Amino acid sequence: MRTGVAYLPLHYGKAPSWLFQRMKRLAREITLFIIDVYGVDEMLLRLSDPFWFQALGCALGFDWHSSGVTTTVCGAIKEGIVGMEQELGLYVAGGKGRASRKTPQEIEAICDQRSIDGTPLIYASRMSAKVDSAALQDGYQIYHHTFFFVQNGSWAVVQQGMNEENRYARRYHWFSQEMKDFVCEPHWAVCCDQRNGGLNLVASESKRTRQAITELFHERPEVLISEGSKVNELHLPREHSVPMEAIRLKRLEKVFTQIYDHSPTNFEELLGIRGVGPKSLRALSLISELIYGVKPSFRDPTRFSFAHGGKDGHPYPVDREVYDKTIEVLKGAIDKAKIGDQEKMDAIKRLRHFNEISDRKLQIVD
């Protein structure tokens, strides 16, 4: 399931070398402690929690509210455990920019060395990225994708998109535990206070649209092109929720033919076809609405403010016990870490400061 979404101000640049080297060392020690005490599956669970991830970034010394915390924390963990992956049972692939596009090859290489079946892992990596970049069109372009996995096949994804217009980044967390469906409500918790419009084809309300889009390919591509031309002729109002730039049908004809040749039996299969992206899905959503009269969802996946509950009590009051445990696990990990006393003290101070800020936000619950 996707376990969360976090909004962060878009900051450019990178962590200075002196800071990143220390982050790698501390990230390695925290990872060693958590896996030793709680097990490797617990580490995946923690990484998939947007609040815990943010607290970890704070403890490591990075700007707690910056978009760079995502790429830097993932990079620090990946580089910090180099050479210890087999001992820990934790493997990391992907990263930012070009590194994100090499994720499938990295997963395959690791799995070949460790005799792990990499096929479902590569599929999970590609599908989670495809969902958040094409099936969920919320205005954030994915540029970072890190894939964490263990020997038994469990996995977690931390990926991030950016929106140049509002200068915010949005982080998406996925976790394989109880994973049932990539294309219907794959998220469990969302960590943000903002809502925006956008085409959401993985919402439960979009079930009929997903079915309709798949059914469209019982018809030959030329029929869809013909129907699609009517969408352009309708001159739908500007406030229509699907972005209404003119649909370039000639460019989409090749994609439609490719989908038709694959004969997908469901929306997940259709989404997994190479070349099926945001523009083709927007066009298909409009055509299915025109032919079948079914409208997709435009609900933002944001459900509530924090992974531990909402400060206004929705959808449930903050679970203080779980919330406090999040902080205590990190404090214990830092205390046991094999690093210098000064670095430990600094990390605890940063974590305490983050906790104080969070507590102030939660006072309204009382």
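**Contacts, burial and surface in a predicted model**

Modeller: In this predicted model, residues 24 or more positions apart account for 71% of the protein chain's contacts with a separation of 6 or more.

Biologist: How many helices and how many strands are there in the protein chain?

Modeller: Both kinds of element occur in the protein chain. Helix 4, for example, covers residues 68-80, and helix 13 covers residues 278-292. The totals are 15 helices and seven strands.

Biologist: Is Gly75 buried or exposed?

Modeller: Gly75 lies in helix 4. A residue is called buried when its relative accessible area is under 20%. The value for Gly75 is 19%, so Gly75 counts as buried.

Biologist: Which residues does Gly75 touch, not counting those up to four places away in sequence?

Modeller: A contact requires heavy atoms within 4.5 Å. With residues up to four places away in sequence left out, the partners of Gly75 are Phe20 and Gly80.

Biologist: What distance separates the C-alpha atoms of Gly75 and Ala27?

Modeller: Along the chain, Gly75 and Ala27 are 48 residues apart.

Biologist: Is Tyr292 buried, partly exposed or exposed?

Modeller: Tyr292 belongs to helix 13. Partly exposed residues fall between the buried limit of 20% and the exposed limit of 50%. Tyr292 has a relative accessible area of 35%, and therefore it is partly exposed.

Biologist: What accessible area do Leu290, Ile291 and Tyr292 have together?

Modeller: These residues, Leu290, Ile291 and Tyr292, form a nonpolar patch on the surface. Their accessible area together is about 230 Å².

Definitions and conventions:
Residues are numbered from 1 along each chain as its sequence is written. This is a predicted model: local features need pLDDT of at least 70, side-chain atom pairs count only at pLDDT 80 or more; totals for chains, interfaces and linings use all residues. Side-chain values use heavy atoms; hydrogens and water are left out. Helices (H or I, at least four residues) and strands (E, at least two) are DSSP runs, numbered from the N terminus. Buried means under 20% relative accessible area, exposed over 50%, partly exposed in between (1.4 Å probe, protein chains only). Patches are made of residues with over 30% relative accessible area and no salt bridge: like charges are joined within 9 Å, nonpolar side chains (Val, Leu, Ile, Met, Phe, Trp, Tyr) within 5 Å. Accessible areas come from the Shrake-Rupley method with a 1.4 Å probe; for residues, only the protein chains shown count as cover. A salt bridge is a side-chain nitrogen of Lys or Arg within 4 Å of a carboxyl oxygen of Asp or Glu.
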